Amino acid sequence: MYKTNMRVKLIISIVIGIIALKMNVYSYIMSNGSGKGYEDVGKSAIGISSSIEAYVIQGAGYYLKAGSSIYQLLAMVELKDSQGLDLIALDKATDSAVANIEKAIETYEALIKTAEATPYNDEVQAKLKSFNYEAFAKAYGLNGVSFAEAAMFLRRGDITGIYKRTYTRLKVIASLLQTIKYDVSRCRVPLIDSFWRLNDAFAETSLLGSYTAQVFSAIL
């Protein structure tokens, strides 16, 4: 029964991921809008906050490309009993996921460095600190645990903290992918536990970015 339930959850995650990618949803909700929480350098130059938002979008793009490959991996694992497992295809998808998640990590390193050197926008800070997070979560039926994590940072105006938490999660995903890569490169089928943890880490990271974007959409 446990294995059956886990397979059902895995299938649901794959379907949701594929639908989201086809709708091009994540590119608009992965912490989008949070760059407006920082001050611009001046009217005569490109604002720093604009470059922060550009980093957010660029990082999301790499993250989603990695996600596309991750869902390919999950689909291959799910169907291996009926269709077999092509280790060459698995290796190729893993390489793609690793390459893109590493680019996302590099982008977030630049994002965090820029954000740390940029003052927050006082008006946005006031809105974040006065926002009714509990009512918002209830109104939209959001995942309580994941939203609470986003709210923990946002209610105190710690936008950069969101970026740092996302960066940490990206590193976890990269580590899990490297573990899978290690086994596949030696013609071994990775343990199913590696794929479960990868699925969890990707889903949690997506929700953190999504809920951050939803709050900024609501206050701006």
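Predicted model: local features only at pLDDT ≥ 70, side-chain atom pairs only at ≥ 80, totals over all residues.
Student: What makes up the secondary structure of the protein chain?

Tutor: The protein chain has nine helices and zero strands. Here helices (H or I, at least four residues) and strands (E, at least two) are DSSP runs, numbered from the N terminus. Along the sequence the pattern reads α-α-α-α-α-α-α-α-α.

Student: Why is Val 98 called buried?

Tutor: Buried means under 20% relative accessible area, exposed means over 50%, and partly exposed lies in between (1.4 Å probe, protein chains only). Val 98 has 10% relative accessibility, and therefore counts as buried. This residue lies in helix 4, which spans residues 87-116. Of the 220 residues of the protein chain, 46% count as buried.

Student: Which residues is Val 98 in contact with, neighbours within four places in sequence aside?

Tutor: Contact means heavy atoms within 4.5 Å. By that rule, Val 98 is in contact with Leu 177 and Gln 178, once neighbours within four places in sequence are left aside.

Student: Why does Asn 32 count as partly exposed?

Tutor: The relative accessibility of Asn 32 is 24%, so Asn 32 counts as partly exposed. Its place is the loop between helix 1 (2-22) and helix 2 (48-78).

Student: What makes the approach of Asn 32 and Glu 53 a polar contact?

Tutor: A polar contact is a pair of N or O atoms within 3.5 Å; within protein, one must be able to donate a hydrogen and the other to accept it, and residues adjacent in sequence count only if both atoms are side-chain atoms. The side chains of Asn 32 and Glu 53 are joined at 3.4 Å, and the two residues are 21 residues apart in sequence.

Student: Where is a polar atom of the side chain of Thr 107 placed, and is Thr 107 buried or exposed?

Tutor: A polar atom of that side chain lies 2.9 Å from the backbone oxygen of Lys 103. Thr 107 has a relative accessible area of 6%, so Thr 107 is buried. This residue belongs to helix 4.

Student: How do you know that the buried residues of helix 6 lie on the same side?

Tutor: In helix 6 (residues 133-140), Tyr 133, Phe 136 and Ala 137 are buried. They cover an arc of only 95 degrees around the axis, so they fall on the same side of helix 6. The arc is that of the directions from the helix axis to the C-beta atoms. On the other side, Glu 134, Lys 138 and Ala 139 are exposed. In general, an α-helix has 3.6 residues a turn, so residues three or four places apart point the same way.

Student: What do the buried residues of helix 6 pack against?

Tutor: They pack against helix 5 (122-130), helix 7 (144-154) and helix 9 (192-219).

Student: Why is the pair of Tyr 133 and Phe 147 called tilted?

Tutor: Rings of Phe, Tyr and Trp (its six-membered ring) pair if their centres lie within 6.5 Å; planes under 30 degrees apart count as stacked, over 60 as edge-to-face and the rest as tilted. The whole structure holds eleven aromatic pairs. For Tyr 133 and Phe 147, the ring centres are 6.3 Å apart and the planes stand at 45 degrees, so the pair is tilted. The pair links distant parts of the chain, with Tyr 133 in helix 6 and Phe 147 in helix 7. Tyr 133 counts as buried at 1% relative accessibility, and Phe 147 is buried at 5%.

Conventions. Residues numbered from 1 in each chain as written. Heavy atoms only, no water.
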